[in-house]
Amino acid sequence: MTRFRKSLWWAVAMAAGLAAASTPIATAETEPPRLDDGFGLTVVRQPEWVDDTQRTFVFSVTSDQVPNPTLLPGQTAGQHDIMVTLPEGYDGNADRYPVLYSLHGNPDRANTQVNQQITEQATKDAPLITVHPNGVRSWYSNWVNPGGLGPQNWENFHLDQVIPLIDANLRTIPAREGRAIVGHSMGGFGAFHYAEHRPELFSYVGSFSGGLDLLNQAQRAAVIGTELLPDSGTPTVAADAIFGSPVWPLDVVWNAQSPAQHVESLRDMGVAMYTGNGGDLTVNPPQAIVESVARDTNLVTAANLNAAGIPHYFADYGDGSTWAPGCTGKHASVPCLQKDMDHYVSLIMQRLQHP
């Protein structure tokens, strides 16, 4: 397959998505925590349990750093939904807990049933808080040319606003030793991007099928596709909105923000990457191509980590048949993602401070 055709597949396939929106259901037995405003965030909807298990709640904020995010169906203009999963027994003691920030892919959203189920399964025996912030179309970056949308400073929103808001309102361990980050697809990029920019915040970083190499032309096509395709949010934006022009020699921001080439700041951090190879190309070709390109970017990242002498864990599980039952090695295979999260949680709990 030519590079052009592969890039085209990658850009179009990014719109295939993983999302399946959840419907919050408030219950009255035990009230979720109430949150105070702060750090440039206003809580416009207090937490509501998503179901009767009362482990996961969703709340909404407005942010002066991203006052006007683009929207997927069901989202509210000007607001960011954030989903939080608490550990079992959170209400029964005064312990403080580590926090895992989990960044979703594109087109996906924080508060989906899939994200909730994967998280609750992986953390059922772990004393760990998990936070899923909104990141629609963001590429988890401060945009270069947001145009008429106004500021799209997603990195500032997540690192300088969401993290301190969570620390101020929940019983967290508010230090690097109590914090990890991970993400799927676009979120894997975001996790590495954030960890490299702010290594003082995180003690572990992980990526599930993340697009980690912005020098890869298929990866660039994916980013541009998310900007131009309405399936990634409305209104659409210009191809240079996030990282500026992708064309050499004007692509300096793309090069500077590429996680694969800037691994040095991960030296004192736990690092884990997980990817398949797409499996059978004749079955769900878009998801197979997406995963194949993601794997290419992970291989470059792993090579650079090795060259720098930075220890890391890399699960390169091929078609998924030996990784987990039902895992197909494709980009949005839920059994693959469940095993990824199960394994990643086991790694971080060996390193994070916890009760």
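Trainee: Is strand β6 mostly covered or mostly uncovered, and how many of its residues are buried?

Mentor: This is a predicted model, and in it β6 is mostly covered, with six of its six residues buried. The burial concerns both faces of the strand: Arg179, Ile181 and Gly183 lie on one side, Ala180, Val182 and His184 on the other, and all are buried.

Trainee: Which strands pair with β6, and in what sense?

Mentor: Strand β4 runs parallel to β6 and is joined to it by five bridges. In that pairing, Ser102 stands opposite Val182 of β6. Strand β7 (residues 204-208) also pairs with β6 in the parallel sense, again over five bridges. Here Gly183 stands opposite Ser207 in β7.

Trainee: In what order do the strands of the sheet follow one another?

Mentor: The sheet is open and has nine strands, in the order β1-β2-β3-β5-β4-β6-β7-β8-β9. Its pairing is mixed. On average, neighbouring strands are turned by 15° against each other, with direction ignored. An antiparallel pair is found where β3 (residues 80-85) meets β5, joined by three bridges. Within β5, His132 is the bridge partner of Met83.

Trainee: Which strands stand at the edges of the sheet?

Mentor: They are β1 (41-49) and β9 (313-316). Each has a single partner strand, so one side of each is left without a neighbour in the sheet.

Trainee: How should I read the length of α3 against its number of residues?

Mentor: At 1.5 Å a residue, the 16 residues of α3 should span 22 Å, and the end C-alpha atoms are 21 Å apart, which agrees.

Trainee: How many residues of α3 are buried?

Mentor: The number is 13 of 16, and α3 is mostly covered. The general idea is that in soluble globular proteins, nonpolar side chains tend to be buried together. In this model the largest nonpolar core has 58 residues, and those with the most contacts inside it are Phe59, Val84 and Phe202. Helix α3 (residues 154-169) contributes the largest share of this core, seven residues. Apart from it lies another core, of 26 residues, among them Ala126, Phe208, Cys327 and Val345.

Trainee: Which residues does Phe59 touch?

Mentor: Leaving out residues up to four places away in sequence, the contacts of Phe59 include Leu35, Val43, Pro47, Ile82 and Val84. Leu165 and Ile166 are also among the residues that Phe59 touches.

Trainee: What should I look for in the backbone angles?

Mentor: Most residues other than glycine have a negative phi, and most peptide bonds are trans. Cases that depart from this deserve a look.

Trainee: Which residues have a positive phi without being glycine?

Mentor: Tyr140 is one of them, with a phi of about 45°. Tyr140 is in the loop between β5 (129-132) and α3. At 0% relative accessibility, it counts as buried, because the cut-off for burial is under 20%. Asn284 is another, with phi near 50°. Asn284 belongs to the loop between β8 (270-275) and α7 (285-308). With a relative accessible area of 40%, Asn284 is partly exposed.

Trainee: Where are the cis peptide bonds?

Mentor: One runs from Thr234 to Pro235, with omega near -5°. Another runs from Trp248 to Pro249, with omega near 5°. Pro235 is placed in the loop between α5 (217-228) and α6 (252-256), and Pro249 is found in the loop between α5 and α6.

Trainee: What is Asn153 in contact with?

Mentor: Asn153 is in the loop between β5 and α3. Neighbours within four places in sequence aside, Asn153 is in contact with Gln65, Val66, Ser141 and Asn142. The C-alpha atoms of Asn153 and Leu41 are separated by 13 Å, although these residues are 112 residues apart along the chain.

How values were computed. Residues are numbered from 1 along each chain as its sequence is written. This is a predicted model: local features need pLDDT of at least 70, side-chain atom pairs count only at pLDDT 80 or more; totals for chains, interfaces and linings use all residues. Side-chain values use heavy atoms; hydrogens and water are left out. A nonpolar core is a set of buried Ala, Val, Leu, Ile, Met, Phe, Trp, Tyr and Cys residues joined through side-chain atoms within 4.5 Å. Buried means under 20% relative accessible area, exposed over 50%, partly exposed in between (1.4 Å probe, protein chains only). Helices (H or I, at least four residues) and strands (E, at least two) are DSSP runs, numbered from the N terminus. Contact means heavy atoms within 4.5 Å. The expected span of a helix is 1.5 Å times one less than its number of residues. Two strands pair if DSSP finds at least two bridges between them. Axes are lines fitted to C-alpha atoms, for helices over the stretch in contact, and angles run from 0 to 180 degrees between N-to-C directions.
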